[in-house]
Amino acid sequence: MIVGAGQAGHALASTLRRRGYADPITLVGDEEALPYQRPPLSKACLIDDGAVSVALGPAEYYETHDVTVLRGKTVIRVNAGEQRVELCSGEALPYQHLVLATGSVPRKLAIEGVDLDGVHMLRTLEHSSAIREGTQNADRIAVIGAGFIGLEVAAAARQAGTAVTVVEAQTAVMPRVVSQPMAHHFADRHSREGVEFVFEDVAERLVGENGRVVAIETRSGRRIDADVVVIGVGVEPRCELAVQAGLDVDNGVVVDHRLLTSDPHISAIGDCASFPSPWGAGRVRLESVQNAVDQAACVASRLLGDDGPYEAVPWFWTDQYDLKLKIAGDISGHDETIVVETGRPDSFSVYCFADGVFLGAESLNQVPEHMAVRRILKQKTALSADQVRDPEFSPKAHAR
Ligand code: FAD
């Protein structure tokens with residue numbers, strides 16, 4: 001029984017079937033759509049007028065592979081003692097093993113005006129369509145938060161010719177998640193595309209007229225006029241079922257190195273799972289397609305009798321304009337960066353170290369280098385800052 005028919009839930013069902021799991025699989029999701037991928041929602045879907053297909057599998061896949069999909073159904077209760085889940089529709093379904101793949105929800109801003117028309121957050125297909133329509137009919141949009149999603153929305157809006165202002169509380173874009181050189185490069189490109197940044201300021205109130213947003217007022221007293229406001233200030237894991245079931249929860253559903261919760265009949269994967277990472281400092285929760293898919297594969301292996309730890313190399317990507325950034329490893333907490341130029345415009349890497357230990361690298365418009373860094377991390381090949389500084393350094397040659 002998989003609760004959450006998103007990236008991780010779909011990956012688990014399809015991996016189990018591909019590897020020969022013969023028992024019944026039920027995938028329960030509270031959205032009406034069949035499982036779909038979210039990355040295009042803040043990229044191609046905002047630009048290409050809804051022509052982009054986001055489905056994770058063809059509609060007939062679930063029938064032909066004997067996966068029961070219950071759509072538009074919220075699981076409201078887990079009865080762990082009796083190994084049953086209860087749906088909003090009143091049904092109770094038994095499970096032998098339950099996997100929570102409930103994802104995350106956009107963090108809400110507790111400020112006046114967030115319920116006005118024209119104010120959006122971005123998680124679902126419906127949100128993406130609403131932002132696309134709103135942006136196409138807007139002269140000016142404002143984005144709160146210069147994280148990955150906020151900047152992808154800003155890039156899409158600029159490509160549609162809409163004026164964009166981004167308000168960010170920190171001093172740089174994508175704070176804490178990319179290195180300073182990479183953040184500079186992206187901020188510079190956005191500025192050249194016409195995005196206006198307001199750093200070190202905070203949206204304090206959304207101003208409305210006749211029920212529709214018209215401006216943001218910031219703590220410093222600025223007024224930013226906007227026909228549409230998109231809030232992108234991070235997400236929170238959906239842990240309500242885990243809390244209700246009495247499982248350990250701490251910034252996510254707490255799982256062990258095999259992704260098992262404190263109940264041996266319940267696993268958790270994807271955005272909602274807080275796991276002990278061999279790549280980061282202690283327990284982490286990752287919000288990425290890689291993590292959702294690889295954690296699904298780890299649980300599938302366990303359910304098929306191969307009980308190994310979860311230790312996949314974390315990686316992530318973001319696309320803004322023609323800038324395709326890929327990050328391999330967990331680079332949070334780095335204290336040293338080395339920029340390796342390729343000589344081509346918009347193409348370089350940043351290698352990140354902490355206390356001289358290689359953590360990972362960001363690769364801009366360089367897929368082969370990114371793949372090589374992933375191999376270096378996976379093989380645990382030692383890599384020093386001096387080796388990276390060597391003008392002859394090549395990650396492809398260094399990866400075994
Ligand atoms: P989800 O895909 O969110 O699926 C969880 C599902 O569970 C949802 O459908 C939810 O409604 C459902 N659910 C929750 N509770 C219940 C319940 N009680 N009963 C029934 N159903 C329930 N990652 C990248 O690596 N690169 C990117 O470029 C990138 N871009 C992104 C852009 C956007 C706009 C968004 C929103 C995310 C992006 N991500 C990206 C992140 C990535 O999509 C997520 O990490 C991934 O979807 C996580 O998968 P998941 O299955 O854990 O959660």
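The protein is divided into domain 1 (2-105 + 235-303), domain 2 (108-231) and domain 3 (322-398), with bounds that come from an automatic or database domain assignment. Residues are numbered from 1 along each chain as its sequence is written. This is a predicted model, in which local features need pLDDT of at least 70, side-chain atom pairs count only at pLDDT 80 or more, and totals for chains, interfaces and linings use all residues. Here pLDDT is the predictor's confidence in each residue, from 0 to 100. Its mean for the protein is 96, and 100% of the residues reach 70 or more. For the complex, the predictor gives an ipTM of 0.99 and a pTM of 0.97.

Let's start with the ligand. Around it are 36 residues, the closest being G4, G6, A8, G103 and G270; a residue counts as near if its C-beta atom, placed from the backbone, lies within 6 Å of the molecule. Two or more residues each come from α1 (7-18), α8 (289-303) and β22 (315-320). Such helices (H or I, at least four residues) and strands (E, at least two) are DSSP runs, numbered from the N terminus. Where does the ligand lie relative to domain 1 and domain 2? Both domains give residues to the shell, so the ligand lies between them.

Next, look inside the protein. The largest nonpolar core has 66 residues, of which V153 and V229 touch the most other members. A nonpolar core is a set of buried Ala, Val, Leu, Ile, Met, Phe, Trp, Tyr and Cys residues joined through C-beta atoms within 7 Å. Buried means that 20 or more other C-beta atoms lie within 10 Å of a residue's own; exposed means 12 or fewer, and partly exposed is in between, with C-beta atoms placed from the backbone. Helix α5 (residues 148-159) gives the most to this core, with eight residues. A second, separate core of 46 residues includes I2, V85, A268 and A292.

Finally, visit two loops. Most residues other than glycine have a negative phi. Q83, however, has a positive phi of about 50 degrees although it is not a glycine. You can find Q83 in the loop between β4 (75-79) and β5 (84-87), and with 17 C-beta neighbours inside 10 Å it counts as partly exposed. Y321 also has a positive phi, near 55 degrees, and sits in the loop between β22 and β23 (323-329). With 18 other C-beta atoms within 10 Å, Y321 is partly exposed.
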